[in-house]
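Hello,

Here is the structure I promised to pass on. My notes on it follow below.

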Amino acid sequence: MRMNRATTAAMALTAAGLLAACGGNDDGGYPTLDGSKPLVIGHRGAAGYLPDHTLEGYRRAIEMGADFIEPDLVATRDGVLIARHEPNITTTTDVSQRPEFASRKTTKVVDGVAEEGWFASDFTLAEIKTLRAVQPLADRDQSFNGRFQIPTLNEVIDLARSEGARAGRTVGVYIETKHPTYHVNLGLRLEDRLLDTLAAYGYTAKNSPAIVQSFEVSNLKYLRTKTQLRLVQLVDANDVKADGSIDLTAPYDRPYDFAVAGDRRTFASLLTPDGLREVKTYADGVGPWKPYLIPSRQVDANNDGKPDDLNGDGLIDERDRVLMSPTSVVSDAHRAGLFVHPYTFRSEAKRLTSDFRGDPRAEYRRFYDLGVDGVFSDFPDQAKAARDN
């Protein structure tokens, strides 16, 4: 549609008024908790381009402009904190191809679920360092498999500091403690090891370039008694139903420490106004799965009980869902004094709701307009471009 100058000027004035109403300003303010730009968090590094949790992936995220890089932490048998997505390292390393470790294959119970594979806690750091990372998603580039080592937390922090200095800016580490209850039961509690490591870098204050997150609650409450670092309550779910409602099937229905304690509250309970006020007593922010903020639903125009294939490709995926109205979670969280960092933003067309027409930047803009304070992105360059442009 072609527009004349008068129409363009009128639209600009309207947009400026809407931005001001949201708490923005002519300097590019955003409707975030404090009005600043939302953070771009390199999810597991630059996971859309390189294997998860590698120094090379973290470096790529920093080069792409990520404000924070995100290492997930698990512990080795000798108590060293390493960056892996899960204690089970079968799908993120080449361990299954290493005959010298064939006898280590076992079954362990993680958060109430039996898992078969190889587990970090059965390996020393020296053994872990002989392994190499692989790309866990089959539809992503597999050409880097077997090339990169598994880093320790110290190596990740050192990289953030050195690459940040090279870029002339501060790069933070946004650390997730993975399965705290599981690690406690192994005698490998993560939290004290983590705090000792961060303290060695001087990361102890609220304004330190470090944030700690967890899907459990009790470990965050424990951390609150030990540190002033920013803490974030992660909020999970099992799936999204056809009508857009959240599927809270176990074990993704509640924090695992709730399950152990017999606490019947769910993840969704944490995002109610009352739940958010309680979260504020021990955390500074929430990290919800993004459908909690803007749900989507399938379409059944024929009322035949089958979802419509909106793009006619013979598959049913995110491209065949339509957005629904945003929930009040962001405004409720801000009202409670909590920042909001949803996850995970991915750029592949099949992972984008139909409304975005295959354009990942359109999705980022929708969430930025909603007022989120940061995003976890597998493609931090695109998250930054959508924010800054």
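Is histidine 53 buried or exposed? It is buried, because its relative accessible area is 0%. Please keep in mind throughout that this is a predicted model.

Histidine 53 sits in the loop between β1 and α2. Its phi is positive, near 55 degrees, and histidine 53 is not a glycine. For background, most residues other than glycine have a negative phi.

Histidine 53 also turns up in the contact list of tyrosine 58. Tyrosine 58 belongs to helix α2. Its relative accessibility is 0%, so tyrosine 58 counts as buried. Leaving out residues up to four places away in sequence, tyrosine 58 touches Arg44, Gly45, His53, Ile69, Glu70, Pro71, Ala83, Pro151, Val156 and Leu159. Lysine 105 is 47 residues from tyrosine 58 along the chain, and their C-alpha atoms are 29 Å apart.

**Helix α2**

Helix α2 covers residues 55-63, and its buried residues there are Gly57, Tyr58, Ala61 and Ile62. They lie on the same side of α2, because they cover an arc of only 140 degrees around the axis. What covers them? The elements include β1 (39-42), β2 (68-69), β4 (81-83), α4 and α13 (380-388). Just after α2 comes glycine 65, with a positive phi of about 105 degrees.

**α4 against α6**

Helix α4 runs over residues 153-167 and helix α6 over residues 190-200. Their axes come within 11 Å and cross at roughly 30 degrees. The crossing is right-handed. On the α4 side, Leu153, Asn154 and Ile157 make the contact; on the α6 side, Leu194, Thr197 and Leu198 do. By class, that contact has four nonpolar residues, two polar and no charged ones.

Now α6 by itself. Its buried residues are Leu190, Glu191, Leu194, Leu195, Thr197 and Leu198. Why do they share a side of α6? They cover an arc of only 165 degrees around the axis, and therefore fall on the same side of the helix. The face turned away from that buried side carries Asp196 and Ala200, which are exposed. Glycine 202 follows α6, and its phi is positive, near 80 degrees.

**Valine 173**

Which residues does valine 173 contact, neighbours within four places in sequence aside? They are Phe68, Ile69, Val156, Ile157, Ala160, Tyr203, Pro209, Ala210 and Ile211. Valine 173 is in strand β7, residues 172-177. It counts as buried because its relative accessibility is 1%. Valine 156 is 17 residues from valine 173 in sequence, and their C-alpha atoms are 8.0 Å apart. Val156 is also among the contacts of tyrosine 58. Ile157 is one of the α4 residues in the contact with α6.

**The loop between β13 and β14**

Aspartate 317 is found in the loop between β13 (296-298) and β14 (321-323). At 18% relative accessibility, aspartate 317 counts as buried, because the cut-off is under 20%. Its side chain makes a polar contact with the side chain of arginine 319, at 2.6 Å.

Asparagine 303 is in the loop between β13 and β14 too. Its phi is positive, about 55 degrees, although asparagine 303 is not a glycine. Is asparagine 303 buried or exposed? It is exposed, because its relative accessibility is 70%.

As a reminder, most peptide bonds are trans. Here are two cis ones to look at on screen.

- Alanine 250 and proline 251 are joined by a cis peptide bond, with omega about 5 degrees. Proline 251 lies in the loop between β11 (246-247) and α8 (256-261).
- Tyrosine 343 and threonine 344 are joined by a cis peptide bond, with omega about -20 degrees. Threonine 344 lies in the loop between β15 (339-340) and α12 (360-370).

Best wishes

Key. Residues numbered from 1 in each chain as written. Heavy atoms only, no water. Axes fitted to C-alpha atoms, helices over the stretch in contact; angles between N-to-C directions. Helix = DSSP H or I, 4+ residues; strand = E, 2+ residues; numbered from the N terminus. Left-handed = near helix turned anticlockwise from the far one by under 90°. Contact = heavy atoms within 4.5 Å. Nonpolar A, V, L, I, M, F, W, Y, C, P; charged D, E, K, R; others polar. Buried < 20%, exposed > 50% of the residue type's maximum accessible area, 1.4 Å probe, protein only. Arc of directions from axis to C-beta. Polar contact = N/O pair within 3.5 Å; in protein donor to acceptor, adjacent residues only side chain to side chain.
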